[in-house]
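Hello,

Here is the structure I promised to pass on. Please look it over first; my notes follow below.

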Amino acid sequence: MTLAPLFAEFVDPLEQLNTLRMHLEQETDQMLFFCLGRFDAHAASEGFPLDADQAVRVIEEHEQPAAKEATFVVQGRRYYLLVVPALQGHILATPLHPEQADDIAPWAANVIRLAVRLFRAQRETDETVNRLRIQKKQFDRQSAVLENKFQDIMAENEQNYQKIQEQQLTYANRLQAEIKTQTAELRMAKKAAEAASVAKSEFLASMSHEIRTPMNGIIGFTDMLLETGLNNEQEEFAQTIKRSAYALLSLINDILDFSKVEAGKLDLECISFDPEITAQDVCDLIRPKVASQPIEVLCRIDDALPANVMGDPGRYRQVLVNLMGNAAKFTKQGELELAIMVESETETTITLHATIRDTGIGIPQDKLEVIFEAFRQADGSTTREYGGTGLGLSICRKIADLMGGKVWAESRSGKDTTFHFTAIFNKAPQQQKKMFHKVSLAGKRVLIVDDNLANLTILEHVLRSARLEVTAVADSGAVLPLLRRAAEERRQFDLAILDMQMPEPDGFTLARQIRTEMAETALLPLLAYTSTMDKSAQLCKDAGFDAILVKPARRDTLFKTIEKLLGIDAPGDASQAEAPILTQYSVREEIKQSVRILLAEDNPVNQKLAVLILTKAGYKISVVNNGRQAVDAFARNPKEFDLILMDVQMPEMDGLKATKELRAQGWTDVPIIAMTANAMKGDREICLEAGMNDYIVKPVKREIIFEIIEKWLHRDLGK
C-alpha cells in the first residue's frame, strides 16, 4: 500500500515531525512514539522498540480504511495506531514499559489528538496574523477616504440644519394647536373607557355567577341521579350529561378568563401551596379521561422541589390542567408525563419548570407558535378531528406571563410533543404544620345558607350522605334569629356554610354579623362556598371566614375541609386569627405535611438521601438504624408515627422479623412499607407475607412515597 504523506502543507516535514515527537514525549513521559510523514520521512523516540522499516510495515499491516484508530500487540508490546486524515499521516505509540499498557490505555489516544490539534491551531494563528496585517493596511486607506467624505457631509448637514430649524418652528406652532384639541377629546374618551371597563368587570362577575350557578345544579343533580337505581343505559346517559356539563363549565371558564385577561382584570392570589399535590391532582384528574385507552399517566417530581411556595395555586393548576388535557386529546396510546423541577432560585424567589410530554400526533414546526394565539388551532379546518375553541393555550401563555414565566412547545410531527411552562413564585416561610386529626362527621350540626334552591338541595344531599345533621336556609336574613334560637336551646351549630352572592345580607356581611353581633357564634367555624374563581381568599379572611371552596367542590375536598374545620380546637380565636385561611389546596397540604414517618435504615448514605428527599417534600422523619430499634421506637410511642418505611436487610434484626414482631405485639393498623433494593420475582410476596402493607424498590422517589401515603393514610378521609 502507499502511505499518504504526513504534513504535506509544511515546508520541512522532518522538522515538524521531530517537533511533534518531542511535544508528545513532553506531554506524556510514559509513551514512545514513531511519526511517519511524506516521502517516508519519520521521527522516532529514543528507545522506540521498532526500527523504521519495522514500524512502517506494522503501520501498513494494521491500518484499516474504515477506522482512524487501532490497538494491537506486536512482539509482546501493545501499540496504538492513530490515522490523522486532517494532517495526512500516521502516529504509532507504545507505552515506555510494556506492563503499563492497561493503565495508560484510557488517555493515550486523547493526548495524541490534542497534540495534533495544537499544530493545526498554531498554523491557523500564523495565517490569521498575516491576514490581519493586510486588512489593517486596507482599513487605513479606507479611513483616510472616509475622513474626507465626512468633512464634506458635515458642511452639508450644517446647511440642512438651518432649514430644518425654520420648518420645525412652523410645525411646532401648528402641532400645539392640534394637541389642545386632541387632549380634550382623549379626556372624554378616557372617561368613557373607564366607565366601559367598570361595566365589563361587573358584567363578567355577574356572568360568572349566573352561568356557574345553573351548571352547578346540572352537575349536582346528575350526581344525585347517579346514586339512584339506574339501569346501565340510564347510567350511561347520566354520565354523558355529567361529562358534557364539566366540558361546558371548562369552556365557560376559558371564555370568562380570556375576557378578564383582555380587560386586564385577571389578578393572582399569593397564598402558600404545595406544587407536588397540585401536580398529583392534575394527573388524578386526567387519568379517568384516558382510562379506556392504552395510555399511562406519569408524574415525576424533582427531589429539590420545596414543600410549599407562595403564589396562585388555582391559576397554576389551571395551566397544568389545560396542557395535560390538550396532550390527552391528541394522544391515542403511549404516555402522558407531567414533570416539575426547580429551574433556579434566589434568596426570596424560586422558578419552577413544568414539562408535559405526550406520545401523540405531534405538531408541525410552523404551527408551534400559532397554537398559542387566541381562537387558533394547529388544524383550523371545519372538518378537523379535534374540537375546542383554541382559547386554552392562549390563556396558559397569558397566565404564565402574569407569573413571570413563559409557555412554549417542542414537537416532532407524528411522534411526540413536549410543552414547557415556567413560573416564578415567592419562597414560603417554614411552618410547623399542625397534626391533622380525623373527626367523625356523624351527628355534627351544619347550617347551610344559599339563596339558590338547586344549590341548597345539592349541598344538603351531599352532607346528609355523610350523616351530618343539616339545616338549610335560603333567606340570609333569617340566619341570625336561627342562630340565637339554637344558642337558647343549647343546640349550637358546629359549622356554617355560606354562599357569597346573596340578596342582603350577602355572605361577607353575614359572616361579619355572625362574628361580632353574637358572643355564642363568635367562634363558629365558617366556610365560604362561592361560585367565583376571582381573587377572594383574603377578602373572606378579613370577613371572618375560616375556609373557602369554589363550587362545585369535589366531595372528598368538601369533607376534608369540614374535617379540618371541626378538628380545630378554637376557630376564630386569637391564635387562629393569624393563620392563613383554609382553601381546597391548603387542606390537603396540611394533611400531607403533618404525616410522621419512622424510617428504619442501616446504611448512612441511604439514610441521608431519604431524609433529604422526604424532609424537602414536607414530611416529618425519625430515623433508626435497625429493626430492633424500629420495634422499640414504635412500641414506646405508637401515636408518634403514622407510617413506617422498613428496610429489609439490616443488622441485629432485619425488616421482615421487625414487622412480624410489631404485628405480633398487636400493632396491626400502622402501615409498614418495605424499602429494599431487592426487585426479584417473589420479593414482594415475601414482604407481604411478613405483614408489610406495600413494597418500594430503592432508590426512594418522592412521588412514589406520595402515592403510598395517599394510598395507606388518606384513602378513608372524606368518606
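Aspartate 51 caps the N-terminal end of helix α2, with a side-chain oxygen 3.3 Å from the backbone nitrogen of aspartate 53. Helices (H or I, at least four residues) and strands (E, at least two) are DSSP runs, numbered from the N terminus.

This is a predicted model: local features need pLDDT of at least 70, side-chain atom pairs count only at pLDDT 80 or more, and totals for chains, interfaces and linings use all residues. Residues are numbered from 1 along each chain as its sequence is written, and side-chain values use heavy atoms, leaving out hydrogens and water.

Helix α2 spans residues 52–62, and its buried residues are Ala55, Val56, Val58 and Ile59. They cover an arc of only 160° around the axis (taken from the directions from the helix axis to the C-beta atoms), which puts them on the same side of α2. Asp53 and Glu61 are exposed on the other side. Buried means under 20% relative accessible area, exposed over 50%, partly exposed in between (1.4 Å probe, protein chains only). The cover over the buried residues of α2 includes β1 (31–36), β3 (69–74), β4 (77–84) and β5 (89–95).

Now to α9 (residues 479–488). Its buried residues are Val479, Leu480, Leu482, Leu483, Ala486 and Ala487. β13 (445–449), β14 (469–473) and α10 (507–516) are among what covers them. Just after α9, arginine 490 takes a positive phi of about 55°.

Last, leucine 175 is found in helix α3 (residues 101–226). Leucine 175 is partly exposed, at 31% relative accessible area.

Best wishes

Note on methods
Contact means heavy atoms within 4.5 Å. A polar contact is a pair of N or O atoms within 3.5 Å; within protein, one must be able to donate a hydrogen and the other to accept it, and residues adjacent in sequence count only if both atoms are side-chain atoms.
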